[in-house]
Amino acid sequence: MTESTPLAVELRGITKRFPGVVANSDIELRVARGEVHAIVGENGAGKSTLMKTLYGMHRPDEGQILVDGREVHLRSPNDAIAAGIGMVHQHFMLADNFTVLENIVLGSEPTKGGRLDRAAARRRITEISDSYSLGLQPDVLVEDLGVGDRQRVEIAKVLYRGARILILDEPTAVLVPQEVDELFGNLAELKREGLTVIFISHKLDEVRKVADSITVIRRGTTVGTADPATTTARQLAEMMVGAELPTPATRDSTVREAPVLRISHLTVPGGVGSRAVVDDVSMTVREGEVVGIAGVEGNGQSELIDAVLGLRLPAAGTVLLGEEEITDWSTRRRRERGVGFIPEDRHRQGMLLDAPLWENRILGHQTRPPAVKGAFIDRKAARTDTSRIMREYDVRAPGPNTPAVALSGGNQQKLIVGREMSASPRVLLAAHPTRGVDVGAQSVIWELLKDARAEGLGILLVSADLEELIGLSDTLHVMLRGKLVATVDPRQVTPEVLGGYMTGGHETSPAGVA
Amino acid sequence: MTVLRRLGTLLLAPALAVLIAVAISAAVMALLGVDPLQVLSVMVDLGDTPSQQITAVVAILNRALPLFLAGLAVAIGFRMSLFNIGVEGQYRMATIMAAAVGAAVTLPGPLHVLLIIVVAMAVGAIWAGIVAVLKVTRGVSEVISSIMLNFIALGLASYLLTGPFRGSPEGASTVSTAQIPESGRLGGLNGIFDVLGLANPPRQLYGFLLVAVLVGIVVWVLLQRTRFGFDLRATGLSPSAASASGVDARRMVVKAMLLSGAVAGLIGLPDLLGRTYDYNTDFTSGLGFLGIAVALLGRNNPGGIALAAILYAFLDRASVPLQAASLPSSVVTIIQGTIVLAVVVANEIAGRITRRAAERASRQSSGPPPDDSMTTRRVPGVVSEGTP
């Protein structure tokens, strides 16, 4: 790793903009040959965008990509493959009813006289399998393979095409611990043979175990590199979350006595045969109170929000809005009675992208003025009120007739926040309210939430941004595997302690636990 | 100005599609050794005398009526991303039931017609409702079940026609249901030709035209102006966003399918009430499938569907004069087929153009915060209508 050998991959000042999604700005990445280089960052930090750039799935607006010291222009994945870059996707792209051999050669089949040359294919695959200890059986059907084996087939597919640089997108997300160990064994083999691996993850412990060097991404840009040998998981987490962000802190308590939302013993079943995704959760949100839910994503937070909104049927438990039990109410009735909603994925649950802004203003408020007069839509009033929201909440767009898809993520989010606030809800379900928005929009949204809280709004806040959670919350619960495992005082807790609870590290109660 | 521009972008895709289709068809004709210009001149030649021309226009309108209703029925489904291929079966079932009920009862004039219409709509809705119930309770794709139900409907209709509902004597060349009595028939609208001072053609303009126009307006208002229509379109644009906004997606599927089926039930009535007065083995078929093409070409908008239906009817009418001029009448089918292909492509292209224009406009405006004047500004080509 001396300066004389060219780097396997170098990115200089990569910037990628597109409307509606967080962009990459000024990415700097240096990956030495023959190392496992990890890229870590929160969900939505821009890791996938970056990897798509490197794999030629879209072209950066600015910046240079250098492979082995030479600048390359990647217009398509084919260009990336030609440059020796291969990608193993998080979601396998294999044909189940084909054999391992057929899957590996699919798309670049060796032919003899116009027919698939199975003998040649088998030779190459056996060669690859032996030299990297992948243990492939070429004639087994992929549908008969386990997840770990499928992943090895994906890796072999990339190697078969001559890749010297492998991108692995969240490879451990689908694996059980033993399979993770096997994968790390494979990666060591690849490294020994001189291949370069770029490993994307947000699981800090794994990253420290397998990586030779680490680059941290936050809010679309690289914030630094770290040496896994000398960096602790806590330090990495701090880099991921960031300390110099505008502070969301609210210190004067505005919590009143009257509860607006009471959840008791709520249980939401998972799929057939799996455990409950929300398991016996009880909590209370009072007027003027922000109740935060911390947790690694996928531990039941989304399902909890869905259940409170009436999108998922609970198996047990009750939900009370004020004094009324709403457990059996339809989503519409809940929303009419004052449940506001900022969804975690605004494109999926919060907007009609192809519809104009004024129609998006109506969405979720179809039964209430100003959008509606009796059974009819009041287009004029909806347009006027959309203009008001755009003005008051600083939504930057040409006008109410602009389709939502044309707005940036931050402006879309401000429209959603404005729309929900305009209906004066009693309780607001805010899931990742500042995800994927720029720093400016983020502080605007934080101010709006604080103002609403001061006016007596109860907020149930789910977020992956620990600073946001600690700063905004009056009460903070930690959710793990569907259960509330701890309740901490946000005035005293640190992101490190919180992180410990989120991963199940702490079982005992240190100081600061309420 | 802005309205014109909006209209322009709305019409851009269909106009483009028709042009492409005509060009492709012309190329095919040239390959077959047929003179495209001669074909075109035969197609646009409506007749020599005013009477002949009016007759041709009446023929086109009469043909366009069922196509319009079929397009409308399909478009209601399309608006919420439901692919109702079962319109064919729905109108066949509806028509034979309506014919049988209409022939079996005797009621005073308007009531008799109303009963027939209600029966047709109800049967169409029930037939479509089966698809909806299968979808929301068992998760069966509406495409599969509605195709299957088409076969069942055709089989059932022929059984009913030859069995219980048979009204024609043994050995007649066409098997038919019993005739609907005078009170259950809808007179023609030829009176308006006298009012307009035009030649009164021998053929009657279907009185059902008025019903169809009314249905078109009601559907437009329902989809574009009501809460129900908003919910329906929102579900079509994003089912997940719609349910988060409080729309019961399953109930919406049922409602949309029932509505689509009810309109589909009307498709056979212009012919039934205005010309044949019975359902028979020669009854017009294939309207349900043509409806899909008409809805696509009309971009799921009642106005557009009306234009598309008239275009299709115009093309259909041309097949007889083409045969008379010993030119291949299959040209008509080629043009109709290529229109469908071209319109899918053109819709996509036009959608991208308008989207890009809107994105550019919004990027430009990202500088200063919006002010009051924004309310009157319009972005060219903002189309709130969803495309399937």
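Reader: Is H365(A) buried or exposed?
Author: In this predicted model, where residues are numbered from 1 along each chain as its sequence is written and local features need pLDDT of at least 70, H365(A) has a relative accessible area of 4%. Buried means under 20% relative accessible area, exposed over 50% and partly exposed in between, with a 1.4 Å probe and protein chains only. Because its relative accessible area is 4%, H365(A) counts as buried.

Reader: Which residues does H365(A) touch, leaving out those up to four places away in sequence?
Author: H365(A) lies in the loop between α12 (357-362) and β19 (372-373) of chain A, where helices (H or I, at least four residues) and strands (E, at least two) are DSSP runs numbered from the N terminus. A contact means heavy atoms within 4.5 Å, and side-chain values leave out hydrogens and water. With residues up to four places away in sequence not counted, H365(A) touches R335(A), A371(A), V372(A), R419(A), E420(A) and A423(A).

Reader: Over which ring does the charged end of R333(A) sit?
Author: A charge sits over a ring if NZ of Lys or CZ of Arg is within 6 Å of the ring centre and within 35 degrees of the ring normal. The charged end of R124(A) sits over the ring of Y160(A), 4.7 Å from its centre. For R333(A), the distance to the ring centre is 3.9 Å, and the ring is that of W329(A).

Reader: Over which residues of chain B is the pLDDT below 50?
Author: Chain B, which has 16 helices and 0 strands, averages a pLDDT of 85, and 90% of its residues score at least 70; pLDDT is the predictor's confidence in each residue, from 0 to 100. One stretch of chain B has a pLDDT below 50, although beyond near neighbours in sequence it has 49 contacts in the model. That stretch covers residues 366-388.

Conventions. Chains are lettered from A and ligands numbered from 1 in the order in which they are written. This is a predicted model: local features need pLDDT of at least 70, side-chain atom pairs count only at pLDDT 80 or more; totals for chains, interfaces and linings use all residues.
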